[in-house]
Structures are given as C-alpha cells and as structure tokens.
Amino acid sequence: MNKPKIALYWCASCGGCEEAQVDLAEKILDLVNLVDIVFWPVAMDYKLEDVEKLPDGSITASLINGGIRLSEHEYVVKLLRKKSKLVVAYGACSAWGGVPGLANLYSREEILKYVYHEAPTVENPQKIQPQLKIKAEEGATLELPEVFPRLLPLDLVVDVDYYIPGCPPTPDVTWKAIETLLSGNLPAKGSVLGALDKSLCYDCPLNETKPEKVLIKDIKRPHEVIADPSKCLLTQGLMCLGPVTRGGCGALCIKAAMPCTGCFGPLNEVMDYGGKAASYFASIIDYSDEEEIKKVLGKILDPMGIFYRYSLPASRLRGKITVMRR
Ligand code: SF4
Ligand code: SF4
C-alpha cells in the first residue's frame, strides 16, 4: 500500500522536540502503520542521499524542529521543502527561534570566543577554534558547516505551511496535528495545528480563582515563594504568562505549580509576543507612584529572557545582531 511519506528533521535544537515525538509512546506504532517515515536522523539510519533521490513533492509532510543556525540546516530544510508537499515548523525553536534564538543577543564572534576560550570549564591553551576547512594529516580535506551570524526561524528560510507550538509540543498536541495533516481536511495555510486559539487562562484549572482584572503589588520568582496550587499563580505575584500565551498544552506547568513561561507562543492576532507580554505586565502593576512601579519592575531581572524566551528571532527586535545572513 502506498502510505503517505513523513520526514522529521532537527536543526538548532536541544533534542527535546525529538524526545516529544518519541513520547508518543505506543501511538508511534499507530504512526508507523499510517505513514512511511523516510528521514529521521535521530532515530533511523536514512542518509541525506536517500532524501536527495526522492522525487520532488513526494513527501506528504516534513516536520522540522530547531532554528536555522548552520549552512547545513539551510541546505537540508531547502531540500525538504523541495521534496515535500507540506512543511511544518515543529516546536518553538522552529516557529520563532526558541531558547537558542536568545543567542541573537550576541555576535557570532562573541559566542565562539566565549564557547572556545572563556567559558569556565574550557581548557584550550593552543587557542584552537573550529575552521570551515582543514587539511587533515592523512591528506583529506575536512569541512564543517558555517555558523550563520544569527539564528533564523524556519519561515525566514523556506515557505512554511503550518506551525505546531510548544517547547516541546506535547504528545497530545503532536498527535492532533499529525491527525490533521493526514486527514486531507487541511486548515488555512499558516495555521497553528493541535492547539487552541484561546489563551492558556481559558484552559487553566485555576482560572476560576483569577479575578476579572488582575492587579499585583509585587513580583516573585518561583524559588521565593511556596505557591498555593489552588489559586491563580499570577495573583500570587508569580509571572505567569498564561494570559498572553496560546492554550492547548493542558496547563501542565500550572498543574505543577510553575508559572507559564510562554512556550506555546502568541495568539493569532498578536504580532510580537514579547511586546504583548511586557505591555500586559506593565498594565497590572497596582501602583501609581513612579518609584514604586520602578521598584516592582526592577524585580524582573532578565526582561529579554522572560518576555522573549522563545521568540526573539521572530520578533520585531530580532536581537542585537541585525544582519540577515552571512
Ligand atoms: S522547542 Fe524547546 S524542546 Fe524543542 S528543540 Fe527548541 S528548546 Fe528543545
Ligand atoms: S495560573 Fe496563569 S494560566 Fe492559570 S489562570 Fe492564572 S494567569 Fe492564567
């Protein structure tokens, strides 16, 4: 039987998205009954040449996680685009840059200098740094992919049909998205699959305890307070980003008394997640005195890491490094 072909690939990622796919557990067996997986470097021994030999458009959907940081990523995602009917950005890194996208606050040179020379655990007296090409003693020329000056979300490199949110997407969201992709009943191009177009608060078991208008007098970090798990975390001063984050994750963090950090990203109408989140918090500080306001906001020690944790490369700021390519 001619089953739909699926490809799975990772770019600049932590591997968590791959873990999430494996977390489908016994549903993986349903998946392999439904589709032929033709490329999945983390789990199966297909080679790039296998993909290169496939006819254009013969893969039904490629699910790509991670942002684009290396020339190798760029080559493979362009290849998968050519070979696939649908390309899906899987997870926060692919959709908006994700946590590795915070590296866009530094230049490539600063990153390499820190990683190979300055990090406390590095011992590199010969000051060796990876080169694009080296001639090995045996005579062969060895090549490494180029590190781009900044990390890009997938849709700044290839045309993307759909997005699956999360860091990582939950197995439930992943399965719903796969069912949609295989159903033939596809939503509008650019849609987010498997999640809600309502905020997390809508889906949160603590929503009943959240007042219509939240006002807070203090901001607390999770280690500073033992949260009451039966009460909206935001009203306890914890920076829960649920009001500005897409729902559909099942409120897993909230159920563990941890505030939402925003990994399901913005709702449909929001252009810049971090800007929306920052303006929301500015609107709920319950002081009119400027000094008091400054004191409370001063407790947000890492505003970029809080508000743009998953979305800096896709934001209007994009990062301190503004060059698009090499
Ligand atoms: S979205 Fe999260 S889990 Fe997936 S690769 Fe990026 S950091 Fe890892
Ligand atoms: S805990 Fe967070 S997600 Fe839940 S209702 Fe409060 S603000 Fe919303």
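Strand β3 is joined to strand β5 (residues 84–90) by 5 bridges, and the two run parallel; strands here are DSSP runs of E with at least two residues, helices are runs of H or I with at least four, and both are numbered from the N terminus. Two strands pair if DSSP finds at least two bridges between them. This is a predicted model, in which local features need pLDDT of at least 70 and side-chain atom pairs count only at pLDDT 80 or more, while totals for chains, interfaces and linings use all residues. Residues are numbered from 1 along each chain as its sequence is written, and chains are lettered from A and ligands numbered from 1 in the order in which they are written.

**Strands**
- Strand β3 (residues 59–65) is largely enclosed by the rest of the structure, because 6 of its 7 residues are buried (20 or more other C-beta atoms within 10 Å of a residue's own, with C-beta atoms placed from the backbone).

**Ligand 1**
- The 13 residues that surround ligand 1 include S13, G16, G91, C93 and C167 as the closest, where a residue is near if its C-beta atom, placed from the backbone, lies within 6 Å.
- Helices α1 (16–22) and α5 (92–96) each supply at least two residues of this shell around ligand 1.

**Ligand 2**
- Of the 14 residues around ligand 2, those that come nearest are C201, C204, C232, C240 and G242.

Key: A residue is buried if 20 or more other C-beta atoms lie within 10 Å of its own, exposed if 12 or fewer, and partly exposed in between; C-beta atoms are placed from the backbone.
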